[in-house]
Amino acid sequence: MNRAGIAATALVVLAAAGSAGAWFTGTRMETVIQDNIVRANQQLKDQLPDTDLALELVSFQRGIFSSDARYRLVLVADDADEPPLELLISDHIEHGPWPLSRLTSLKLLPVMATSHAQLESSEQLAGLFAASAGRSPLTVTSSIGYANGVDGELQLAPMSWSTDEVTGSFSGLSAVFRTDTAGESIKVHGRVDSLELQGGARVGLAGVDFELDRQRDASGLYLGTGQVELDQLSVVIEGEPAVVLNGLVQSDVSTLKEDGANLELDYRIGSVNYGTTKLGSMHMGWTLSRIDPQAMVDLAGMYNSAALGGVPDDTKALEEQFQASLERLLDGFPRLSLDDFSIRTTNGESRLSLAVELGRPSSLQLPPEALLPELIGSLEARLVLSKPMLMDMVRHKALFQPGTDAATLEQEAQMMAEMVSGMAEMLQIGRVEGDNILTQLSYAGGSLKLNGQAIEPSALAGLLSGMKGLQ
């Protein structure tokens, strides 16, 4: 047999194998879908324990090379007079091992199936489909591997809409993801080019990139990293210069250590501009440590359910469940730390840090004056207030009052900085070191210290009241 004959024979064998594989996959597909729906509903119940949210298979039509399925996702309204929210999803499923859509994309790795799912139109979603010009607002294409890995792409369609109050346009969203049928891990990376809303003011977002990498631990807590970057956020009121925030970044890292879960949160604003003038920048970093994973999962589930209106009729049972989870959380002596909150202007930077260690009080029903000493095990706070930064903030007054005399404004800026520093020293709540006003506060074992000097809580409250009275 010549080479052409060998090649043709190989193609016939491969086609036959593919057909047999597709037929075999088709016979298993409905069972696989039902198993995944059961698993998905259990995960919904775990994450949203008090909501009536359920996914079900409406129909399934099996073919040799492909099948078609329809799903229904129902959320029962909290108000009995309101109809439930019902979402219908159609799914065209190409059987493996070599779905045609993957072959045409030169993806030759065998998979169990490739799913093409999209949201269906309905009376409840008429406005959403009108905004997307009749296209399905949501489509998801995913391939399921034989090792239960899932790779896919998610698309939100571009939309535009107009009401009596607001008009809007949305560029759409594109994301790629990797997960598994059990939902044990998820990786997502996506982008939104723009979102603009026009009402009393014009609000615009430009260049949103996001990524997520999470693994679920034994308690059900998802650990890993996440980040959202926004190139620009602008707010424009007619007749006024634009307020523009550039380089916004939110990131988080969650890990599990011997003493509990640890969560680090970081927020940054690269610059805040008013018209063409840069006002400053901001950074804020938080750390939550010694967090009991199961308590965190339970509290997050209650919060998520409440956000969707899933409050049970027996609110007493919910209160008891919340208190039990909160007590479990406090048993681990959790620590909350504002590692850095800083504001920088052209000439100065002010910083605040705060660390609080919590403990479990004898009773959460104690009055505040008795509860706080038992709840707060220790506290450390440090404030560095920059006089040049205060002066910059006074100088910015010229942006909002263009007719202000520059010399008068400069004098006012200097007076403000000296007044604040003089007040801090007079009331003994801070000391001046160079261009900075420093304040330190610590609490431990019932003892409160301000700038290293012991002070009664009532005296501190009096000092703060005095400062308020001088404003």
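**Confidence first, then the pocket**

Modeller: This is a predicted model, and among the elements of the protein chain the highest mean pLDDT, 97, belongs to strand β16 (residues 335-344), while the lowest, 55, belongs to helix α10 (residues 457-470). Over residues 1-24 the pLDDT is below 50, although beyond near neighbours in sequence this stretch has 15 contacts in the model. Residues 467-471 also stay under 50, and for them the model has 6 contacts beyond four places in sequence. For the protein chain, the mean pLDDT is 85, with 88% of its residues reaching 70 or more.

Turning to the part you asked about, the largest pocket has a volume of about 1,600 Å³. Its lining is made by 40 residues, and those that lie nearest the centre are A40, L55, V140, F177 and T179. Two or more lining residues come from each of α1 (3-47), β2 (66-75), β3 (85-95), β4 (113-119), β5 (138-144), β6 (149-156), β9 (173-180) and β10 (185-198). Of these elements, α1 gives the most, with 10 residues. By kind, the lining divides into 25 nonpolar, 11 polar and 4 charged residues.

S254 counts as buried because its relative accessibility is 10%, and buried means under 20%. Leaving out residues up to four places away in sequence, S254 touches R214, Y222, L223, G224, N262 and L263.

Notes: Residues are numbered from 1 along each chain as its sequence is written. This is a predicted model: local features need pLDDT of at least 70, side-chain atom pairs count only at pLDDT 80 or more; totals for chains, interfaces and linings use all residues. Side-chain values use heavy atoms; hydrogens and water are left out. pLDDT is the predictor's confidence in each residue, from 0 to 100. Helices (H or I, at least four residues) and strands (E, at least two) are DSSP runs, numbered from the N terminus. Contact means heavy atoms within 4.5 Å. Buried means under 20% relative accessible area, exposed over 50%, partly exposed in between (1.4 Å probe, protein chains only). On a 1 Å grid over the protein atoms alone, a cavity is a set of points where a 1.4 Å probe fits but cannot get out, and a pocket is an open set with protein on both sides within 12 Å along at least five of seven lines; lining residues have an atom within 4 Å of a point. Grid points are joined across faces, edges and corners, and a volume is the space filled by probe spheres set on the points. Ala, Val, Leu, Ile, Met, Phe, Trp, Tyr, Cys and Pro count as nonpolar, Asp, Glu, Lys and Arg as charged, and the others, Gly among them, as polar.
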